[in-house]
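Please read them with the structure open.

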Amino acid sequence: MWITPFITKSSSVSQIMLRVLLALIPGIALYVWHFGPAILVSITLASLTALATEALMLKLRNRPLKPFLSDNSALLTAWLLALSIPSLAPWWLVVVGTAFAIAVSKHLYGGLGNNPFNPAMIGYAALIISFPAHMTHWLTPNALGGFELSFSEQLNYIFTMVLPDGRTLDAITMATPLDTLKTQLQLGHAVSAVREMPIFGYLAGKGGEMVALGFAVGGAYLLLARIISWHLPVAFLVSLFATAGIFHLIDPAHYVAPLFHLFSGAAIMGAFFILTDPVTSPTTIKGKFIFAAGAGVLTYLIRTFGGFPDGVAFGVLLMNICVPLLDAWTQPKVFGKKGGGK
Amino acid sequence: MRKLFKFHGGVYPPTRKAESTRTPIVTAALPSKLVIPLHQHVGSRAKPVVQIGERVLKGQIIGKPESRLSSAVHASTSGTVSAIDTQLVAHHSGLPDLCITLIPDGKDEWIAHSGVDYKQTQHSELRHLLRQHGIVGLGGAVFPSDLKAYSHKHKIKTLVINGAECEPYITCDDMLMRERASDILRGAEVLRELLYAEEVLIGIEDNKPEAITAMRHAIQSELHERMEVVTVPTIYPGGGAKQLIRVLTGIEVAAGVRSTEKGMQCFNVATAYSIWRAITHGEPLLSRIITVTGNVDRAQNFEVLLGTPVNELIAQAGARADTDKHIMGGPMMGVQLPSAQVSVTKATNCIIESSPALFPPPLPALPCIRCIRCADVCPAELQPQDLFWFAKSNNFVKAEEFHLFDCIECGACAYVCPSNIPLVNYYRYAKSEILAREQEAKAAEAARERHEYRQFRIEREKQEKAAKLAQKEKAALAAKAAAATPAIIDADDEDAVQKRIDAAMARAKEQAAANIPKNTDTLTPEQQAEISMIEARRAKAHELASSEDKN
């Protein structure tokens, strides 16, 4: 058989995924700095679960283990999911979410490259629908008197769900800044008054905004290393900013400033690490713009008018559905067929 | 500075050209035999016009062009024709083809030949000369040049001479431009004359500074006007004719469109050189420059007689023992030769000796993750990831809709694919399936038409028979009526009855005579004798059988 070319550029799926994992490290480091090391436990748990589930599913599907276990894609799903759920979540929550993400949203659809939905976001959606209470206990940042529990006490809670005597979960955790804002606004407070609360920092939630900055640094690396293109993150952030901006301009007392939205919740992580999942995003440039802009608008609407604490996951998942259609509709013109002579 | 344009995508594989440009072009040694394929060009195979055992002279036509799209094939040196048979040839199909084997006599004796002054010669005559001298595109496409050196109804503004040579490893055009710039430019002038082209642009990639200098110097010293060497960026596949035209002029020639319709025509530098040799010296295309590189001790360029066996050529470059395959062309679009026994043809620009260390076997392919690195590098601006998906699922209608046939098979997509998917092979597979199905559909359509016509013919014959029969009956009835009239009058006349019987007998005899004669009616005496013998044997057998029955 005539197989060409005889040479290839040395690049591989596992290398690409590895660099995306590396790009998550600044964000994770700042996460540890501001919220304590519990996140490392859930990342480890998720990673082990992901690899075990991947191996099991490959075995069941009669696929070779080595090339797929070493492609690092399951690890990336695990890390992104772990970063999306509260770090003090009980161990089984992480395990169930990760196993669901890998088994159902990835392998049942045909494994690597064939899943229409972002596996990490499917895992998140499954958890927030099934265990909403557990998904709201976010650790209080260090700056607000976090670290009340020692690391061993946190570990103990994660694996046994037992807190030291005299401690309640409410005392050491809090709702996310986005959630807090929404609740306070529903109570009739104005944005400016709510923003005075101690959990808010310069741009958004204390601690959280710094973690977002860490993810932005990782995202910049991915852009510079040409692992991702700028279209998706920029279109998403601009769309989220613009939608929030319009509402804010109309009624600043009830709609928080757009920068708050950019640095809250999973917006920055989503822009650089979740929307950019190549398998579940469009392939054409026009398609990418529509996809990311749609996810931005949906994220804002779900955050502001929906019942969930964040809107990135559902925004992305809803847009994932549209990807085949977007690809089909936005086929670019090919060489020499762009019309108008030149 | 001329304004240059960009084409979409492209890749930057290591060029590896330095190895084979250290020494000048060497004339390869006369081989022990020449195996000259009669099909070295696009179009019909040339028809052999020599006999086994015949002595031929260097430059003598041994294969005549067979149709309009064809080209002549010549004896590369003087010697004796030892065989005309099918042999393995250097072609990606791997199929054997008709070749003429020539044992050189070592005299290298030329046939009488002379050139013409192209300015004093009619264009049709010049084109005829190109065809008779076997001139085809030497960039690898081997399309007969006489058909390309013709502008049809379109006015040609720019003649592009392609010296880009974008494939890694290959340096034959580079060395030719360094050493024989003058003849290339003169050949370009012949082409300009044939095409009435206004300007000549010679595109050379910026990794060939020596060639650029040599060509510029030749333009200046020989006072060529409206002719310019344009340095173009080194990028693969920047040497594709359509890509080079785009870079030089900004014009995009779509798939299926002739560049002449856009006022462009493109020839390779080596083709221009051969045209000059053919027209003004009367030398047919007998040899070409071939880069021999890769896993060899002395990578270099050779001037090689067409038909030289590859193994005799690579031996001169010091082939190494761990060579596992021989590649004709570059590492991006080259063809793995079926064997080193095959001979070089007009399409052979480079032989890369490959070893596992040089070109490691491909890694196992992973699923496509739609990362679109392929789409980012595709010079045809296709969506390779979609085409792959359609080809894989045999969804050929969709593949065509997504412009499968615009794919130039440059391999840039497969080069960058992180999943190591042999993308080009999927496209080749889909293309060949589509073409095969089209052919099948055509054949089925023809069969259907044939069947329908047969039905129609049978029906028509039936009707004709019926009509004839009806007419006959009518005639018979009329005759009867005519005969019956007197019969009634002389009802008891026996003569009359006898007459009617006689008439009926005569009609029956006539009818019998009108019938097709039995096959026994026109027999030769020999056949008659044979039949008598058969009949006798049959009678004997019958006799025996009946006697047995009795017992």
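1. Chain B is divided into domain 1 (134–283) and domain 2 (362–485); such bounds come from an automatic or database domain assignment. This is a predicted model, in which local features need pLDDT of at least 70 and side-chain atom pairs count only at pLDDT 80 or more, while totals for chains, interfaces and linings use all residues. Residues are numbered from 1 along each chain as its sequence is written, and chains are lettered from A and ligands numbered from 1 in the order in which they are written.

2. In chain B, the C-alpha centres of domain 1 and domain 2 lie 38 Å apart. The contact involves 5 residues of domain 1 of chain B and 6 residues of domain 2 of chain B; two residues are in contact if their C-beta atoms, placed from the backbone, lie within 7 Å.

3. On the side of domain 1 of chain B that touches domain 2 of chain B there are 3 nonpolar, 2 polar and no charged residues. Here Ala, Val, Leu, Ile, Met, Phe, Trp, Tyr, Cys and Pro count as nonpolar, Asp, Glu, Lys and Arg as charged, and the others, Gly among them, as polar.

4. Chain A is assigned domain 1 (13–173) and domain 2 (175–328). Their C-alpha centres lie 21 Å apart, and each of the two domains of chain A puts 32 residues into the contact.

5. Which helix gives the most to the side of domain 1 of chain A that touches domain 2 of chain A? α1(A) does, with 13 residues. α1 (13–35), α4 (73–84) and α6 (119–130) of chain A each supply at least two residues of that side. Helices (H or I, at least four residues) are DSSP runs, numbered from the N terminus.

6. By class, that side of domain 1 of chain A has 23 nonpolar, 8 polar and 1 charged residues.
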